[in-house]
Amino acid sequence: MKTRTKVVVIGGGIAGCSTLYHLTQEGWTDVVLVERNELTSGTTWHSAAQVTNFGMNQTMVGLKSHSIKLYQELAADPDYPINYHHGDGGIRLANTPEQMQGYRHFASMARGMGVDYEILDPEECARRHPLISTDRLLGGLWDGMDGDIDPAQLCQALARRARNAGAEVYRNTPVTALTQHKDDTWTVHTEHGDIDCDIVVNACGYRVNEVGAMMGVHHPVASMEHQYFLTEPIQAITDFGKRVPLLRCPIDDFYSRQEKQGLLVGFYEQDCKTWGMDGVDPNFVNALCPDDLERIMPVLENVFKRMPVLEEVGIHTVVNGPITYTIDGAPLVGPIPGKRNAYCIIGLRAGLGEGGGHGWLLAQQIVHGEACYDTWVIDPRRFTGHTNVELTALKAIEDYQNEFRFHFPHEHRPAGRPAKTTPLTPIMAAEGAEFTVVNGWERVDYIKPAPDFHPSLTFGFDEAFDIIGAEVRNVAENVGLAEVNGFNRIEITGTDRHAFLDRMFCGNVTKRDGRVGLGYLLNHHGCVKGEATVANLPASDRGPERIWYGSAAASEFHDMDWLTAHLNPDEDVQLRSLTNDQTILVLAGSKARTVLSECARGDWSAAAFPWLSVRECFIGFAPATVMGVSFSGELAYEIHIPNASLYAAYLALREAGNAHGMKLFGARAVDSMRMEKGFLHWKADLITEFDPLETGLSRFVKLDKGEFVGKDALLQRQANGPSKQFVPFKIDASHAPAHAGASLMQGEKVVGTVTSADWGHRLGMNLAYAFVDPQFARVGTILQLDMYGELVAAEVIAPSPYDPEFNRMRS
Ligand SMILES: Cc1cc2nc3c(=O)[nH]c(=O)nc-3n(C[C@H](O)[C@H](O)[C@H](O)COP(=O)(O)OP(=O)(O)OC[C@H]3O[C@@H](n4cnc5c(N)ncnc54)[C@H](O)[C@@H]3O)c2cc1C
């Protein structure tokens, strides 16, 4: 066994084997995999091992396509062929028009990744799958590349290729402890000795938290028991003459695929069970949980109706094994928050289908710092401090119960709520608030007209449309108040704070006391990593000279990691998170100044407190820090208040606002208004696949300002010219918005992808942002948007169509 290597991958299931192989593919061959037993002795060995191409966003579709391509290549390797049935196809069934609309949107999205899904009617579903009934069926989505693979052969093939490239695999070598050294390198302690290394990777399946504990972290991953059975041969399958396609059924909560001449049928029962919550038996190796067919009886009844042949056929094997879930169903693949040189590839619930792609994206992150796709949807830092073991289990159960039921836009499922609240949450609830969830925070979406108001789950405009419109109009004409909780806020102190941020931002962000600026952070590839406001606060009785760095709520762990990773040891800079201590009340609208002046002493005139100013003050008697910034395009103030005083400030603002028509507004109104202003959302419009020039942010880039992170790479990208260009569109439709991922077409060719979209209520315009091929970025260009299978005209418009001179927010 080596005593020193570059990377130690812990765990020899599909996650570990794929990571090891892809590290060698990225050029790192001094790497090892350490497995406590034999390869695939965790979940992988008993997997149903279906491989599908379906995903709900482009990153998932892209990584699954990679799996399929890789597995095809491995299967065709004459030196070590493996069993992989592919191209049998698969159907996802639906019984509501809304599900069908969702499938049509996912088909539009996947088109941009070169993947063609077909939309089928019930008769065509039955023609392609001879065993299903069309009862309660509206149609389905056909994924032509679906198939299944031998999981053990797959892992052996990956390990073999990795070994051939120079990697080493140590079986029967349990990792017993991890030590991190001052220089951020690690020692991996095993039963057979220690291995020093630069980087560790946790790929430990259902033992993820045993290894997590060795480095002092708890991952939001829980295991569920999951069962399938195998049937005796079925004559109708033999008669069909070719392999029957895979089936995924959200109507009846099951899946199936062909196994020999019979079927493998797996179930997602409502009465489901977590597993291993109090620890996993060390001897649970190549093992299964006891069969428990009782639990699936309620599901089975409907499954029999969907596939009547099952009533007549015998079951010869039952498999019940642990499968890992995260809080949102997607795995955790990337850097472990708060740790250096530590990565994970965990929480895989479809690890055979996805594992090839996840290992690929993780290896790229480890070797190059970033992957070819933006990986936020699988980034471990998308969950933050609230995601403890109990919450994870609740969300895992909910996700398991809804396995094939995708989330609709604006859908926030109830389990584990409310996780993060402020003193105002119950007040807002009493005001009739409908809440959305942002990084665990309950944030007001809009104010409901009645307690029993529940809009439909749809990809079209829902019944809240007019409510949002009214909230927007009241902001524009009078004044509105919104609570924006969970906003990420890092206080930066120390004499080198400006120099530090200067290195992190690609533009010149103001250093003047009392002023606020907006800046963009790039990664080492010159692409957009983050966006932050910087408020320079002078010394006061509330603290020394300091900067408040503010960014999206979801970026809490991400941004802290990125900033701390770039601190120089000799720099006088301290970072402190204030995210959980303070909340923002946004006061926006033409009468915002009047309201503020009536409840906060001081001169708030445009001359004394112009746009982009920051000042400490009191709202009534509640201490507050006010910034003159706007995401709505109206005159607006962000009022930052310690949570202890939040209610007092709220009462003072409400009282002052009463005479001026002040009403509450929520996140959906904000989204509509920011679309009209050309303001971007982090991880929707601002992604690591594009640089700031491509993203339309040239005015925030100063290439002549000296060194900053990503500068050299950005210069290189600039010389190469843009691969895509970010532009706003006006969509010629009024029944539904576009959605992220939808394809923009020129004839048969996909030439752009929507990043975000919404109705602009002030303009009466259906708006979308998209990255398009640069030749289609000119204002006035008309493309066709594939909107749920229909082609709709989409015209490139000038940025910031609402108040393009920015007069209102500066007024
Ligand atoms: C019944 C069932 C059906 C499924 N069907 C499908 C399907 O059809 N398609 C699909 O894509 N997915 C399916 N899955 C899910 C899929 O099998 C898993 O996502 C995948 O196998 C997880 O692989 P892994 O490598 O993350 O974990 P594992 O396979 O559990 O591997 C983790 C490895 O880490 C090792 N390890 C743990 N601790 C240590 C330590 N301290 N030191 C060294 N090594 C350690 C373990 O021994 C183990 O080998 C199914 C799962 C179940 C249970």
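**Cysteines, a ligand shell and one aspartate**

The sulfur of Cys-506 lies 11 Å from the closest cysteine sulfur, which belongs to Cys-527, and that is too far for a bond. The model is a predicted one, and Cys-506 is buried in it, with a relative accessibility of 0%. A disulfide is a covalent bond between the sulfur atoms of two cysteines. The cut-off applied here for such a pair is 2.5 Å between the sulfur atoms. For the structure as a whole, the count of disulfides is zero.

The ligand is the next stop. There are 38 residues around the ligand, and those that come nearest are Glu-35, Thr-44, Gln-50, Leu-348 and Gly-353. Glu-35 places a polar side-chain atom 2.6 Å from an oxygen atom of the ligand. At Arg-36, a backbone N or O atom is 3.0 Å from a nitrogen atom of the ligand. Ala-350 has a polar backbone atom 3.0 Å from an oxygen atom of the ligand. On its own, the ligand has 1000 Å² of accessible area, and the protein covers 97% of that. By residue class, the shell holds 18 nonpolar, 16 polar and four charged residues.

The last stop is Asp-671, which sits in helix H17, residues 667-677. Is Asp-671 buried or exposed? Its relative accessible area is 17%, and the limit for a buried residue is under 20%, so Asp-671 counts as buried. What does the side chain of Asp-671 make a polar contact with? Its partner is the side chain of Arg-674, at 2.9 Å. Beyond the neighbours within four places in sequence, Asp-671 is in contact with His-681, Ala-757 and Asp-758.

Methods. Residues are numbered from 1 along each chain as its sequence is written. This is a predicted model: local features need pLDDT of at least 70, side-chain atom pairs count only at pLDDT 80 or more; totals for chains, interfaces and linings use all residues. Side-chain values use heavy atoms; hydrogens and water are left out. Buried means under 20% relative accessible area, exposed over 50%, partly exposed in between (1.4 Å probe, protein chains only). A residue is near a molecule or strand if one of its heavy atoms lies within 4 Å of it. A polar contact is a pair of N or O atoms within 3.5 Å; within protein, one must be able to donate a hydrogen and the other to accept it, and residues adjacent in sequence count only if both atoms are side-chain atoms. Accessible areas come from the Shrake-Rupley method with a 1.4 Å probe; for residues, only the protein chains shown count as cover. Ala, Val, Leu, Ile, Met, Phe, Trp, Tyr, Cys and Pro count as nonpolar, Asp, Glu, Lys and Arg as charged, and the others, Gly among them, as polar. Helices (H or I, at least four residues) and strands (E, at least two) are DSSP runs, numbered from the N terminus. Contact means heavy atoms within 4.5 Å.
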